[in-house]
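Biologist: I've got a new model on my screen and I'd like to learn how to read it. Can we go through a few questions together?

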Amino acid sequence: MSAVSTSDSTFDSTSDSSSNSSSNKLPDVDVLIVGAGMVGATLACLLADSGLRIAIAEAQPLLADQALARYRDETDAVDKSPEQMDFDARVSAITPASRQIFEQAGVWAQIAQCRISPYRQMQVWEADGTGAISFDAAEIQCNELGYIIENRLLTACLHQQLRQHPQLALLSPLSISAFHQVYGAGESGQALLQVSLSDGRQLGTRLLVAADGANSMIRQMAGFATREWDYAHHAIVATVRTSQPHQHKAIQRFMDDGVLAFLPLTAPGDNQRYCSIVWSVVPERASALMALDDAGFGQALAVAIENRLGAVEWLGQRSAFPLRQRHARDYVRQQVVLVGDAAHTIHPLAGQGVNLGLQDALALSEVLLKAHREGRDPGGQRVLQAYQRSRKGDNLSMMYLMEGFRHLFAEQPLPVRWLRNTGMSAVDRMPVLKRYLMQQAMGLRG
C-alpha cells in the first residue's frame, strides 16, 4: 500500500486494508512515535540505530527530498527577487544545545548547507521607558547565541534523515484512530498497546509516544489532564526585508499591548536585510493589523520597532494564530508518553518552545536506550517516570519564567514601570549575571 513508506521488508507494504484481521496486522514494534514534526522526527533519528524496533506515524505526507533541494538551490542563488524566495513565515530560534542534539541525530550537517542565520547579539528594550538590555555572544567567548531557521527547512532535513535509516518504519500519511492495552500480548508476556491505523491495519507497540503537537489527539485519547489558559494574545508572523541590515542581531521591543521581535535571516545577496517578525498583540489589535494592506502593515512595523532597521521594503505572506499556555499534569500514562508541544506550550517571546521539545526528545531517547541496554521494557513505568522526572521541572521552570516576563511587561502602574526599567538597566551593567542568563538561554549548563 503506497500510504506506508518503509524499506523494512518485515512490514507488508502491499496488504489490502479491506482484508481480514489476521492479514491486516503489522508486526509489533517497541516504540511507535506519532508525529514526524521536529521533535518526533528528531526522537526517531536518535533511536534509529539503537536496536529497538521503531515506527513513526505522520498524518501528512513526509516532505520530499525535492523540498530540501529547493532550499539549497535558493541558498546558492543570488539573483532571485524576494517574491521568488519560498520563505516559511514560521521560524525557530535554535540554541547551541539544540544544535548538539541535531548533531547527535545526524542531521545538522544537512541543515548547515541551507539558509540558516546565526545571530550573535540580542537587544531588548521597553517602549515607554529607558530600560534596555543587550547580549553579545563574544561576552561568553561564543561565536553565536543561536540560529534562526525556518521550520519547514528543519522538518525537510529531518525527513530526509529519516529515509537514511532503512530500519525505521515510516507510516505516512497515516494517523491513529484508536488504541487499547492488551495484557500478556508481548513477547515476554508484558502488555502491548494495540494500535489501529487510519488505513484499517493494526500493530502492537510497547510504547506510544505522542509527538503530535499542541492539539495532540493521542494526549486526548489517552485521557491526559492539562492545565491551560488563553494568553489573550495573537501572534502575527511574516518575513520582511528592511532598508538597513540586521547585522546578525535579534531585537525585541516590549509594548503595552504586546511584544515585537525582528529575527535575522540569511538569504543570498540580501546584505543582511531579511528578518522574520513575530508580533504578539491583543486580538483586537491583531485583527486591525491583519486588515492593513502590505504598505500599511510595513509602516506599522517600522514604527513599532522604532525604525531600528529603517523602512520595511518588502513583506511576505502574513499569518496570525492565537497563543495558549498548556501543560500536561503528567507526561506518562500507562504506556503512553508525551513530548514537545503535546506536553507543553509556552509564549514565544523567548523562542524556547521547540528547544524544550528537543530536550524532551533527548531525555526520552537516553532513558529508552539505557532501558534497552539493561533488557528492560521501554514501556515500563520506572523507565517512563525517569523521563518525566528529568523534564517536568525544567519545563515548568521555563514556563513560569516566561509567564513572569509576560506579566512584568504588561501595562503596569508608573512605579512598577520605573522599577522594571531600573532593573533591566541594572542587569545590563552586571556582566556575571548577564553571562549566566545567556548560558541558561543557550542551554549551556557549564
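Biologist: Leaving aside its neighbours within four places in sequence, which residues is Asn355 in contact with?

Modeller: Keep in mind that this is a predicted model. Start by finding helix α9, residues 353-373, where Asn355 sits. Then skip anything within four places of Asn355 in sequence, and the contacts left are Ala93, Ile94, Thr95 and Ser98.

Biologist: Does Asn355 count as buried or exposed?

Modeller: The cut-off we need is simple: buried means under 20% relative accessible area. Asn355 has 4% relative accessibility, so it counts as buried.

Biologist: Okay, on to strands. Which strand runs parallel to β14, and which runs antiparallel?

Modeller: Look at strand β14, residues 249-255. Six bridges join β14 to strand β6, residues 121-126, and that pair runs parallel; here Met122 stands opposite Ala250. Five bridges join β14 to strand β15, residues 258-265, and the two form a hairpin with two residues between them. That makes the parallel partner β6 and the antiparallel one β15.

Biologist: Which residue in β15 stands opposite Ile251?

Modeller: Stay with the β14 and β15 hairpin. Go across from Ile251 into β15 and you land on Phe262.

Biologist: How many of the seven residues in β14 are buried?

Modeller: This strand is mostly covered. In β14, the number of buried residues is six.

Methods: Residues are numbered from 1 along each chain as its sequence is written. This is a predicted model: local features need pLDDT of at least 70, side-chain atom pairs count only at pLDDT 80 or more; totals for chains, interfaces and linings use all residues. Side-chain values use heavy atoms; hydrogens and water are left out. Buried means under 20% relative accessible area, exposed over 50%, partly exposed in between (1.4 Å probe, protein chains only). Helices (H or I, at least four residues) and strands (E, at least two) are DSSP runs, numbered from the N terminus. Two strands pair if DSSP finds at least two bridges between them. Contact means heavy atoms within 4.5 Å.
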